[in-house]
Amino acid sequence: MEATELNEHTHCGNERKSHHSEDMKKNLQTRLNRIEGQVRGIKGMIEKDTYCDDVITQIAATQSALNSVSKLLLEGHMKSCIVDRIQEGDLEVVDELLVTMKRLMKK
């Protein structure tokens, strides 16, 4: 994530919002559109009775793509929302971050 993308994030505390730069939004939307296409492709493979191993390979690729989106979002969250809240004295955000990271590591 570039510095210009991070500068446009806003406090994620009570509002529970983050404003990404237009470049970041476009990047995330492009990735998610690709993932959406992958999921439709997997559905089509099932409908066509494609060999199971080939379907599983596509599912793994889709999961990897989703993980990449999660990593980008987590990086931005840590560099902006988490830092902002710590600087404001809100140390509870560290516990929130730990819960989020545990959730991501279960995958």
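This section describes the helical arrangement, the nonpolar core and selected residues of a predicted model.

In the predicted model, the protein chain contains 4 helices and 0 strands, and its elements follow the pattern α-α-α-α when read along the sequence. Of the 107 residues in the protein chain, 24% are buried. The accessible surface of the protein chain comes to about 7700 Å², with 54% of this area belonging to carbon and sulfur atoms. Among the contacts in the protein chain with a separation of 6 or more, 54% are accounted for by residues 24 or more positions apart.

Helix H3, formed by residues 52-87, and helix H4, formed by residues 92-105, have axes that come within 10 Å and cross at roughly 170°. Because angles over 145 degrees count as roughly antiparallel, H3 is roughly antiparallel to H4. On the H3 side, the contact is made by Ser70, Leu74, His77, Met78, Ile82, Arg85 and Ile86, while H4 contributes Val93, Val94, Glu96, Leu97, Thr100, Met101 and Leu104. By residue class, the contact of H3 with H4 divides into 9 nonpolar, 3 polar and 2 charged residues. Glu96, which is placed in helix H4, is one of the residues that make this contact. Glu96 has a relative accessibility of 23% and therefore counts as partly exposed, since the partly exposed class lies between the 20% limit for buried residues and the 50% limit for exposed ones. The C-alpha atoms of Glu96 and Ile82 are separated by 9.3 Å, and the two residues are 14 residues apart along the chain; Ile82 belongs to the H3 side of the contact.

The largest nonpolar core has 5 residues, namely Met24, Leu28, Ile35, Val69 and Leu72. Two elements, helix H2 (22-47) and H3, each give two or more residues to this core, and H2 gives the most, with 3 residues. In soluble globular proteins, nonpolar side chains tend to be buried together.

At 21% relative accessibility, Ala65 counts as partly exposed, because a residue must fall under 20% to be classed as buried. A further pairing of Ala65 is with Arg34, from which it is 31 residues apart in sequence and 8.7 Å apart in space, C-alpha to C-alpha.

The loop between H2 and H3 contains Asp49, a residue that has a positive phi of about 55° although it is not a glycine.

Definitions and conventions: Residues are numbered from 1 along each chain as its sequence is written. This is a predicted model: local features need pLDDT of at least 70, side-chain atom pairs count only at pLDDT 80 or more; totals for chains, interfaces and linings use all residues. Side-chain values use heavy atoms; hydrogens and water are left out. Axes are lines fitted to C-alpha atoms, for helices over the stretch in contact, and angles run from 0 to 180 degrees between N-to-C directions. Angles under 35 degrees count as roughly parallel, over 145 as roughly antiparallel, 65 to 115 as roughly perpendicular and the rest as oblique. Contact means heavy atoms within 4.5 Å. Ala, Val, Leu, Ile, Met, Phe, Trp, Tyr, Cys and Pro count as nonpolar, Asp, Glu, Lys and Arg as charged, and the others, Gly among them, as polar. Buried means under 20% relative accessible area, exposed over 50%, partly exposed in between (1.4 Å probe, protein chains only). Accessible areas come from the Shrake-Rupley method with a 1.4 Å probe; for residues, only the protein chains shown count as cover. A nonpolar core is a set of buried Ala, Val, Leu, Ile, Met, Phe, Trp, Tyr and Cys residues joined through side-chain atoms within 4.5 Å.
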